[in-house]
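This briefing is meant for a reader who is meeting the structure for the first time. Please look through the sequence and the model below before reading on.

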Amino acid sequence: MSRHPNIVILTGAGISAESGVPTFRASDGLWENHRIEDVATPQAFRRNPTLVQTFYDQRRAFLGQVNPNAAHLALARLEAAWKGDFLLVTQNVDDLHDRAGHNQLLHMHGELNSALCTRCGAARPWTGPLLGNPTCPACRQPGGLRPDIVWFGEMPYHMNRIEAALAACDLFVSIGTSGAVYPAAGFVGWARDAEAKTLELNLEPSAGTPMFDEARHGPASVLVPAWVEEVLGSR
């Protein structure tokens with residue numbers, strides 16, 4: 001690892017699943033008993049804002065029932081100990097990486113504990129319900145707040161910074177992702193273009209497994225701490 005000073009890590013639903021956070025999409029195509037089209041698009045919010053706000057209010061409240069697992073904590077330990085550049089990019093909208101202690105963290109799909117104002121465009125920390133048209137802390141107007149979540153058809157956050165980090169990285173690690181949702185599924189290709197080494201840690205082979213130099217399969221709470229021990233032990 002002394003030859004790989006710059007690390008970019010991507011995490012997906014698989015790393016939080018072991019904490020009890022439901023994965024994005026079940027085998028029946030539903031997301032917590034809802035069609036994706038009904039709760040995860042701008043059109044759904046315009047069509048039925050009560051349903052969408054209730055759905056995310058419930059998920060936001062659920063965060064208080066789950067905690068970071070061994071994989072989250074191991075990655076935070078790696079960030080704290082690493083001397084080179086380190087960036088953790090997560091597709092997850094939960095706050096488990098934050099609570100594990102990360103500082104170099106980007107939520108590319110937004111955060112449950114954040115509200116976005118459709119009137120003024122301001123994003124603010126938010127831990128309570130959004131149902132009931134609360135007032136925006138920035139513009140003081142009621143009725144404009146929505147979950148600060150990147151829905152289908154919207155542009156993920158921080159893409160310029162992510163692309164720059166991948167272009168400069170020496171090691172790219174994908175943890176708990178399906179390898180099927182773009183643009184995140186394309187990150188391994190960007191890293192390979194930069195001649196970085198690539199590693200997949202996933203419960204089972206993903207759609208992108210053939211793109212990686214190495215793949216290890218099993219529970220994130222087992223694989224990630226073991227890999228971090230290898231990395232820190234080889235310095």
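Which residue of β4 does Leu10 stand opposite? In this predicted model, Leu10 stands opposite Val89 in β4, and the two strands concerned, β1 (residues 7-11) and β4 (residues 86-90), pair in the parallel sense over five bridges.

- Six strands form an open sheet with parallel pairing, and their order is β5-β4-β1-β9-β10-β11.
- At the edges of this sheet are β5 (105-107) and β11 (214-217), each of which pairs on one side only.
- On average, and with direction ignored, neighbouring strands of the sheet are turned by 15° against each other.
- As background, the strands of a sheet pair through backbone hydrogen bonds, in either a parallel or an antiparallel way.
- Helix α7 lies across β1, β4, β5 and β9 (171-175), and runs at about 130° to β4.
- Helix α9 (residues 220-233) lies across β1, β9, β10 (197-202) and β11, and its direction is at about 150° to β10.

**Aromatic pairs**

- The structure holds five aromatic pairs, and one of them joins Phe45 and Trp151, whose ring centres are 5.6 Å apart and whose planes stand at 40°, so the pair is tilted.
- Because Phe45 lies in helix α3 (residues 42-47) while Trp151 lies in the loop between β8 (145-149) and α7 (159-168), this pair ties together parts that are 106 residues apart in sequence.
- Phe187 and Trp190 form another tilted aromatic pair, with 5.4 Å from centre to centre and 35° between the planes.
- Phe187 and Trp190 both belong to helix α8 (residues 187-193), where they are three residues apart, or about one turn of the helix.
- Phe187 has a relative accessible area of 1% and is therefore buried, whereas Trp190, at 30% relative accessibility, counts as partly exposed.

**Ser114 and its surroundings**

- Ser114 is found in strand β6 (residues 110-117), and its relative accessible area of 8% means that Ser114 is buried.
- The side chain of Ser114 is joined to that of Asp148 by a polar contact of 2.8 Å.
- When neighbours within four places in sequence are left aside, the residues in contact with Ser114 include Trp126, Arg146, Pro147 and Asp148.

**Backbone features**

- Most residues other than glycine have a negative phi, and most peptide bonds are trans, so departures from either pattern can be pointed out.
- The peptide bond from Tyr182 to Pro183 is cis, with omega near 10°, and Pro183 is found in the loop between β9 and α8.
- Arg140, although not a glycine, has a positive phi of about 65°; Arg140 is placed in the loop between β7 (123-125) and β8, and at 60% relative accessibility this residue counts as exposed.
- Glu195, another residue other than glycine, has a positive phi near 65°; Glu195 is found in the loop between α8 and β10, and with 73% relative accessibility Glu195 counts as exposed.

Note on methods:
Residues are numbered from 1 along each chain as its sequence is written. This is a predicted model: local features need pLDDT of at least 70, side-chain atom pairs count only at pLDDT 80 or more; totals for chains, interfaces and linings use all residues. Side-chain values use heavy atoms; hydrogens and water are left out. Rings of Phe, Tyr and Trp (its six-membered ring) pair if their centres lie within 6.5 Å; planes under 30 degrees apart count as stacked, over 60 as edge-to-face and the rest as tilted. Helices (H or I, at least four residues) and strands (E, at least two) are DSSP runs, numbered from the N terminus. Buried means under 20% relative accessible area, exposed over 50%, partly exposed in between (1.4 Å probe, protein chains only). A polar contact is a pair of N or O atoms within 3.5 Å; within protein, one must be able to donate a hydrogen and the other to accept it, and residues adjacent in sequence count only if both atoms are side-chain atoms. Contact means heavy atoms within 4.5 Å. Two strands pair if DSSP finds at least two bridges between them. Axes are lines fitted to C-alpha atoms, for helices over the stretch in contact, and angles run from 0 to 180 degrees between N-to-C directions.
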